[in-house]
Amino acid sequence: MAADGRLQLRLFLLLCLCGSGSVLGLKAAGGPADPPDPPVLRAAEPPPKDAPAAAAAGASQPRRASGWKLSEEEACREDLSRLCPKHTWTNNLAVLECLQDRREESELAPDCNHLLWNYKLNLTTDPKFESVATEVCKSTIAELKECNEEERGRGYLVSCLVDHRGNISEYQCNQYITKMTGIVFSDFRLICGFMDKCKDDINSLHCGSINVGHKDVHSQGEVISCLEKALVREAEQQDHVRPIKEECQRAILRVAELSSDDFHLDRHLYFSCRDDRERFCQNTQAGEGKVYKCLFNHKFEEAMSEKCRDALTTRQKLISQDYRVSYSLAKACKLDLRKQRCSLDTNLPRAREARLSYLLLCLEAAVHRGRTVSGECQGEMVDYRKMLMEDFSLSPEIVLHCRTEIEAHCSGLHRKGRTLHCLMRIGRGDRSATVDGVCQSALQTLIQSADPGADYRIDRALNEACESVIQTACKHIRTGDPMILSCLMEHLYTEKMVEDCEHRLLELQYFISRDWKLDPILYKKCQGDAARLCHTHGWNETSELMPPGAVFSCLYRHAYRTEEQGRRVHPDDQLSRDCKVEVQRILHQRALDVKLEPELQKRCMTDLGKWCSEKTDTGQELECLQDHLEDLVSACRDVVGNLTELESEDIQIDALLIRACEPIIQAHCHDVADNQIDTGDLMECLVQNKHQKEMNEKCSVGVTHFQLIQMKDFRFSYKFKMSCKEDVLRLCPNIKKKVDVVICLSTTVRNDTLQDAREQRVSLKCRKQLRVEELEMSEDIRLDPDLYEPCRSDISRLCPNVNYGNAQMIECLKEHKKQLSQRCHQRIFRLQEGEMNDPELDYQLMRVCKQMIKRFCTEADARNVLQCLKQNKNSELMDPKCKQMITKRQITQNTDYRLNPVLRKACRADIPKFCQPILNKAGEDSELEGQVIACLKLKYADQVRAQAQSNTTTQHHK
């Protein structure tokens, strides 16, 4: 207390003598080389009323040592009694602070205004202040090398102390510097060298007068404000019409930095926000940038005045250009910046290292790599990341490169991040308009700087839109955890999702999906794999060889790479288990929207417009591309093909299908669904249970659609591909369509079987899977294009209301066989021939008679199942429906000997012997309509008659 009292006394005496050196790092307005001779104000001889100018200039007589008071000057007496409390009148500093911080509407008399100006000018030009600084800051000066070396007597010492005031721990020195701060910041002409550095810019930009004269104190802050606005505007313009000189730019940012701890020092902002400070931040203590932070947090409140909001925005834009303009951020992150080697060039305030985006990227990179960044610094980073996401205008690149899009589509949406999300929505392609490539790049850069993937709360628009969903669907996850975003994606298109949340989520995910690093969980689990397999660089570095969007493609190729050309892939070329789980999670989520697949959207834009413009519902676009696979351009076909191939291995990638099939999975496929790594088992289970009672229409349609897509390429059936890859390469090269591959391999198996080959050419594992594929194809005519295409017109004509599944359509065509077109008739006949030779392929027979086969034919060979059923047809235990089906198949067999394998085998020698003329007339696929059987019956009857006559003759002779 004693020390503090001595300091106050020293300052009071100094002010009474009207002497001062450079205050708060501020030199004389006349410049360091030629300081003006200050006018002297006499306490005993105040300026007369009729000579205000002379009074302001003062007399030249030596001053009396007695205490001179501003309150005693007649020029200010009336203003003082009107505006300032009586207890302040005895203290010149208190009077000065009261008068220069008055309400804007409270005008001062011109004489008083000019008197105050000269008084402050005297304070900042008298060398006595430097001698006081030398005394009260003795130990501080000794510690600060730069200040100790400053030339004495020219105001430079105090200027240096102000520059380093954040490092001053000495109490008296700190108090001394702080006391003088407000005085100088009230007028730009008093700031160290500022007028010299910015004189030309002030004139060229018409920012106000720089002449000493009757200038209202409120307008002094406007000069700096005008320059600040010009500086941030320059960064937002392509052509710098009036570029601000580099030294003035440094001076502007330096002044902003020096005023960063106390909002009183930013005079324009102080006067603009005084009412708002009372309204929103009344209990916030001034100092350490706290009032700024409080006002920033309330910037978009309805009650915030427009002039304050504009002043705050300008300040935030300066912070974007130089993070040191934020006192709290610079202080909290000072050590971390040094530790992570982020501040590489401290001599250039506007260097790349000073930009807020660079600071955020550098420190975020450290956090993502698992390095330690203090909690205080991370807290400040979160605040400024929120700030960037809330107000697009704080990113000069967005203002510069997205101006056209904003004016055309997003005007009037400035607050709470709505403009940014509007741009993101256009970037996604959700409107007919598109975003320019440079604007898209600026958006991507901003998203990386703000890094909302690490904490959804940074994106205020998303946070507000999704609050109800998070409270219901994701309440088990800790607030701010990155898994919240993942949880929201998992509930996309479910009953818990709301429309606004869905839109904001997809807009953000569109950009996150284009840079794998923006998903912090994926990055954490896969950064080692990415460096090893995809040759990636650091978190905030990019590579032309492996741009961010291509890294995830590289990861998922390795995630599903277990065999290559029949050989096991080396473990070093595979993903770690943790990384593979994350890659699968991302794939499952991205499959919900084609726009979340960057490669697919990039290469398929033309095809999407050409074939799928009307397919806008959830999941329809990818299905449409798969349906038109043969029509797609080569690049798009490759991407769609690769994605479909991945789905065949892990059908859970198709999240919408899995949701639709939840009941059937729980009832019949839960064992395979719980497997960490799916290898096609789940889809196989769904197909096998497609007609169970738990199956719903959505699931059935989805499963059938995937079956139909699989027919386009055998690679789309994972289990078939893995079981038969070598056989296909060896026996069916250059064949791609699955149905053709199945026919090729089936023909090979049949020929080897018929010829009693010593060794089957098709491997055992392939033959087993081939049987599964053949059985699946028999269930739906659409899965056999060679049968479906020739019969399409017949289906429309004869079976228009019959379902395709459960082989019902095939059964309908069989029943109308005589009315079929020739091509369709031939194909149906060939199908029946195959089914009679191999009854397992007769889907309807196997379905209707399933229980009867278990009862009567468990020991029968699969190819003799129908024969076994025929033999037990009249049993009392035979099911009526199965009996009816057996009868239908018997009738069919009687239409052509080729449809009765037992007869055909028994009569193999007799048919060509007795019925060759009939065979000569018929084609291979044309039905003989019972002619051969009739021929054999006649021949048999002839033989019976001949035998009977022979027996009669023999008996007669006897």
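**Before you start**

This is a predicted model: local features need pLDDT of at least 70, side-chain atom pairs count only at pLDDT 80 or more, and totals for chains, interfaces and linings use all residues. Residues are numbered from 1 along each chain as its sequence is written, and side-chain values use heavy atoms, with hydrogens and water left out.

**Stop 1: helix H17**

Select residues 306-321, helix H17. Helices here are DSSP runs of H or I with at least four residues, numbered from the N terminus. Display the end C-alpha atoms of H17: they are 23 Å apart. The expected span is 1.5 Å times one less than the number of residues. Now colour by accessibility. Of the 16 residues in H17, 13 are buried (buried is under 20% relative accessible area, exposed over 50%, partly exposed in between, with a 1.4 Å probe and protein chains only).

**Stop 2: Glu467**

Move to helix H25, residues 460-473, and pick Glu467. Glu467 is partly exposed, at 48% relative accessible area.

**Stop 3: salt bridges**

How many salt bridges does a search of the whole structure find? The search finds 53, a salt bridge being a side-chain nitrogen of Lys or Arg within 4 Å of a carboxyl oxygen of Asp or Glu.

Select Arg532 and Asp529. Their side chains meet in a salt bridge at 2.9 Å, N to O. Both sit in helix H28, three residues apart, so about one helical turn separates them. An α-helix has 3.6 residues a turn, so residues three or four places apart point the same way. Arg532 is partly exposed at 39%, whereas Asp529 is buried at 5%.

Next, take Glu630 and Lys712, whose side chains are bridged at 3.2 Å, N to O. This pair links distant parts of the chain, 82 residues apart. Glu630 is in the loop between helices H32 (620-627) and H33 (634-649). Lys712 is in the loop between helices H37 (697-710) and H38 (718-731). Glu630 is partly exposed at 43%; Lys712 counts as buried at 17%.

Then go to Asp752 in helix H39, residues 738-754. Asp752 is buried, with a relative accessible area of 4%. Leaving aside neighbours within four places in sequence, Asp752 contacts Ala757, Glu759, Gln760 and Arg761 (contact means heavy atoms within 4.5 Å). Asp752 also forms a salt bridge with Arg761, with the closest N and O atoms 3.0 Å apart. Arg761 is partly exposed at 41%.

Select Glu811, Lys814, Glu815, Glu835, Asp842, Lys888 and Arg889: salt bridges that share partners join them.

**Stop 4: the largest cavity**

Select Gln509, Ile512, Asp519, Ile586 and Gln589. Of the 20 residues that line the largest cavity, these are the closest to its centre. A cavity is a set of points on a 1 Å grid over the protein atoms alone where a 1.4 Å probe fits but cannot get out; lining residues have an atom within 4 Å of a point. The largest cavity holds about 170 Å³. Show helices H26 (483-490), H27 (499-512), H28 (520-533) and H30 (577-590): each supplies at least two lining residues. H30 gives the largest share, four residues.

Technical notes: On a 1 Å grid over the protein atoms alone, a cavity is a set of points where a 1.4 Å probe fits but cannot get out, and a pocket is an open set with protein on both sides within 12 Å along at least five of seven lines; lining residues have an atom within 4 Å of a point. Grid points are joined across faces, edges and corners, and a volume is the space filled by probe spheres set on the points.
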